[in-house]
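Please walk me through this structure, chain by chain and from the outline to the contacts.

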Amino acid sequence: MIPLLASKLILKCLERENVEYVFGYPGGALLPLYEAFRTSPIKHILVRNEQTAPHYASGYARESGRVGVCLATSGPGATNLVTGIATAYLDSIPIVAITGQVDRALIGTDAFQEADITGATAPFTKHSYLVQNAADIPRIIREAFHIASTGRPGPVLIDIPRDVQLENVKTGLTYDKIDIMGYKPNLNGHSGQIKRAIKKIKEAKKPVIYAGGGIVLGNAQAELLAFAEKNNTPVITSLMGIGAFPEDHPLYCGIVGSHGYKYSNVVMNGADLIINIGARMSNRATSQLTKFEKDTDFVHIDIDPAEIGKNMETNIPIVGDAKTVLSELVQKDTVGDHAVWLAEIETIRSENPLVYDADPPCSDLINPKILFKDMSKMTSDNATVVGDVGLNQIWSALYYRIIKNRRYYTSGGLGTMGYSIPAACGAVFATLDKPKEIFIVCGDGSFQMSMGELGVIAEHQLNVNIILITNTKLGMVRQLQFDNYGKGHYSGTDINFDIDFMKLAEAYGIKSFKVDKNADFNKVLPEAIKHQGPTLIQCQVHPDFIRI
Amino acid sequence: MEKKTCLSLLVENNFGVLSRISGLFARRGYNIDSLTVGTTENAELSRITITVTGDDQILTQIKKQLNKLIDVITVIELKPDEAIIRELVFIKVKADDTTRSQIVEIANMFRANIVDVARESLVIEITGTRYKIEGFFEMVEPYGILEFVRSGDTGLQRGGKILSH
């Protein structure tokens with residue numbers, strides 16, 4: 001066998017994993033790998049800061065259903081990935097992060113650009129590798145992609161010393177068999193527990209399905225719809241569960257949690273059975289769920305056994321894949337009579353309507369709730385909206401309707417500001433062969449965290465529309481300051497310089513609009529969508545508009 | 001209710017496995033009472049015994065979280081009536097011509113070994129359960145304990161069951 005340079009072998013292995021794009025930033029410890037990129041069919045997208053690279057990979061993964069790949073050099077390059085890796089971990093997004101490392105002999109000597117990145121990321125990687133022998137590369141890359149994408153998905157990190165990349169290896173790409181002794185995810189639910197669940201579902205008078213990100217990640221939307229319709233059971237989602245169930249469906253009952261709909265929390269509090277499918281029951285989701293009856297039953301279906309019973313006592317645990325378990329459940333006799341409950345829900349819904357109105361001076365400028373409601377009517381049935389973190393996120397999550405094949409991505413678990421621009425770009429790269437409408441929703445705070453990435457948007461003329469909600473404030477923290485300390489108790493939440501975003505967009509050659517009335521937004525949005533290439537719509541919202 | 005539990009783990013000898021396990025305890029706020037690691041009959045695997053204190057909910061979480069680590073192959077709880085759990089302790093006790101023979105007598109009663117003798121001290125090696133060791137400490141305490149070192153619990157299931165199966 002002809003020896004192959006390890007750096008080339010790495011890219012060959014990535015090719016075998018069907019990697020099309022790598023989002024990265026070069027550096028000294030990656031010189032051999034970047035030399036190999038020149039002759040590889042894998043496309044390298046140069047991000048403008050390593051901090052955004054995992055978000056590109058995340059957006060790519062969420063849109064394509066495949067593993068996203070990001071790359072950074074040793075030391076500061078690697079540590080810049082940390083927040084993005086943690087973001088992917090909290091939302092269970094399958095990404096593989098590859099980092100350069102100093103030469104093996106230098107590890108532990110505090111060499112130039114040395115950082116213990118496997119150690120630094122251990123708390124929020126699903127697994128990580130420090131490659132010590134080039135001959136292990138085929139096995140490690142195969143395992144990394146397998147671990148990232150199966151079971152409960154998540155980020156895997158591969159740290160590769162520079163001198164390993166320069167080794168000549170005789171090993172081929174023959175490593176196909178995956179046999180990891182300690183990793184055998186369980187997809188099929190336990191039949192005994194499923195039987196118990198069926199009995200409870202049939203007996204329940206007030207059941208609710210609580211759908212989490214696991215439905216979206218597990219591609220189980222169709223199975224959930226079939227199960228909910230068959231059993232006439234209302235569906236409430238978590239923030240990560242947006243897109244699990246069509247929001248125009250009569251059984252759809254909104255989003256639960258401290259930033260959810262009021263009626264959803266009331267409905268969930270009134271349930272006698274909660275069928276949780278792929279939701280973590282995080283503190284933000286459950287903060288309003290205080291009135292559970294003592295005899296409320298909890299069925300929890302999750303692929304990660306450690307999630308079951310972690311945050312909420314569960315009497316029927318089912319460890320398994322959402323799609324597999326729902327396919328099984330839908331074939332069983334579970335139908336009960338919920339007519340009274342559904343009527344009660346209608347009353348709850350009408351007693352707790354969504355409030356769109358605002359008073360002057362807030363009503364003088366854009367009403368963001370109406371903006372997203374209107375946007376729902378003007379965008380395609382398969383549009384992707386990537387919400388950032390802050391008020392923009394909650395407004396878009398609550399008032400933009402996810403129907404048919406639309407998708408909504410956001411940093412739900414970690415709440416990482418600056419997520420939307422790179423994640424949406426990653427989604428665009430995943431759909432270049434089948435272009436679709438992709439929107440970035442961010443505020444002036446989150447926009448400025450990642451605005452360097454406008455360079456990537458401009459360079460590749462990515463067809464993405466940025467809905468930039470500006471109020472010269474860090475709106476959500478300001479809202480918390482108002483709620484906790486009272487009016488006027490604002491601190492550190494003014495973005496005091498009113499940036500000319502139009503000029504900024506112009507500098508990057510991005511077509512831009514500025515609107516301060518909902519009617520004007522409705523006029524320019526279709527134009528922005530029609531435009532071939534990137535656009536930015538700056539939407540002026542009054543600083544005192546802090547209600548969700 | 002909090003209780004002490006002994007866990008036995010079979011893990012792959014991969015880079016950083018011990019720091020992954022200890023890091024898991026640290027970041028999730030679980031207390032490790034003791035931890036021992038050693039090689040096994042299979043050169044690629046190590047065996048770790050961890051003693052932890054916590055209520056049932058925490059112990060269940062610990063087991064689940066350990067099982068999530070890719071390098072961890074098996075986690076079992078060593079129940080006192082189904083397993084042998086022992087600890088090795090070295091104790092340096094003050095001993096002079098008047099007390100030495102009394103201490104040796106106590107050591108003999110506990111089937112402990114004298115492993116070092118000096119003019120003013122003795123080092124005693126004792127192996128046993130937590131209760132036996134506590135009992136021994138109580139007996140030699142009046143003579144003056146200069147220092148001691150404990151290995152932490154290590155254990156094996158009784159009967160024919162094998163962890164790697």
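UniProt positions are given here in the numbering used for this structure, feature names are shortened, and annotations may be inferred rather than shown by experiment. With that in mind, the UniProt annotation "domain: ACT", which comes from an unreviewed entry, covers residues 6-80 of chain B. The model is a predicted one, in which local features need pLDDT of at least 70 and side-chain atom pairs count only at pLDDT 80 or more, while totals for chains, interfaces and linings use all residues. Residues are numbered from 1 along each chain as its sequence is written, and chains are lettered from A and ligands numbered from 1 in the order in which they are written.

The chain has four helices and nine strands, where helices (H or I, at least four residues) and strands (E, at least two) are DSSP runs numbered from the N terminus. Read from the N terminus on, the elements of chain B follow the order β-α-β-β-α-β-β-α-β-β-α-β-β. Over the annotated stretch, residues 6-80 of chain B, the chain is 32% helix and 44% strand, and the end C-alpha atoms are 9 Å apart.

Chain B is divided into domain 1 (3-78) and domain 2 (84-154), with bounds that come from an automatic or database domain assignment. Taken over C-alpha atoms, the centres of these two domains of chain B are separated by 29 Å. Seven residues of domain 1 of chain B are in contact with five residues of domain 2 of chain B, two residues being in contact if their C-beta atoms, placed from the backbone, lie within 7 Å. On the domain 1 side, the elements that give two or more residues are β2 (31-39) and β3 (45-54) of chain B, and the largest share, three residues, comes from β2(B). The residues of that side divide into three nonpolar, four polar and no charged; here Ala, Val, Leu, Ile, Met, Phe, Trp, Tyr, Cys and Pro count as nonpolar, Asp, Glu, Lys and Arg as charged, and the others, Gly among them, as polar.

Chain B also touches chain A, in a contact that takes 17 residues from chain B and 16 residues from chain A. On the chain B side, the elements that give two or more residues are α1 (17-27), α2 (56-68) and β4 (72-78) of chain B, and α2(B) supplies the largest share, five residues. By class, this side of chain B has five nonpolar, six polar and six charged residues.

For chain A, the domain assignment gives domain 1 (4-169), domain 2 (191-351) and domain 3 (362-540). The C-alpha centres of domain 1 and domain 3 of chain A lie 30 Å apart, and 22 residues of domain 1 of chain A are in contact with 23 residues of domain 3 of chain A. The elements that give two or more residues to the domain 1 side are β2 (21-25), α3 (53-64) and α5 (82-90) of chain A, and α3(A) gives the most, with nine residues. That side divides into nine nonpolar, nine polar and four charged residues.

How do α3(A) and α5(A) cross? Their axes come within 7 Å and cross at roughly 30°, which makes α3(A) roughly parallel to α5(A). Axes are lines fitted to C-alpha atoms, for helices over the stretch in contact, and angles run from 0 to 180 degrees between N-to-C directions; angles under 35 degrees count as roughly parallel, over 145 as roughly antiparallel, 65 to 115 as roughly perpendicular and the rest as oblique. The contact is made by Ala53(A), Pro54(A), His55(A) and Ser58(A) of α3(A) and by Gly84(A), Ile85(A), Thr87(A) and Ala88(A) of α5(A).

Helix α12 (residues 262-269) and helix α15 (residues 339-351) of chain A have axes that come within 9 Å and cross at roughly 150°, and α12(A) and α15(A) are therefore roughly antiparallel to each other. Tyr263(A), Val266(A) and Val267(A) of α12(A) make this contact with Ile345(A), Ile348(A) and Arg349(A) of α15(A), and these residues divide into five nonpolar, no polar and one charged.
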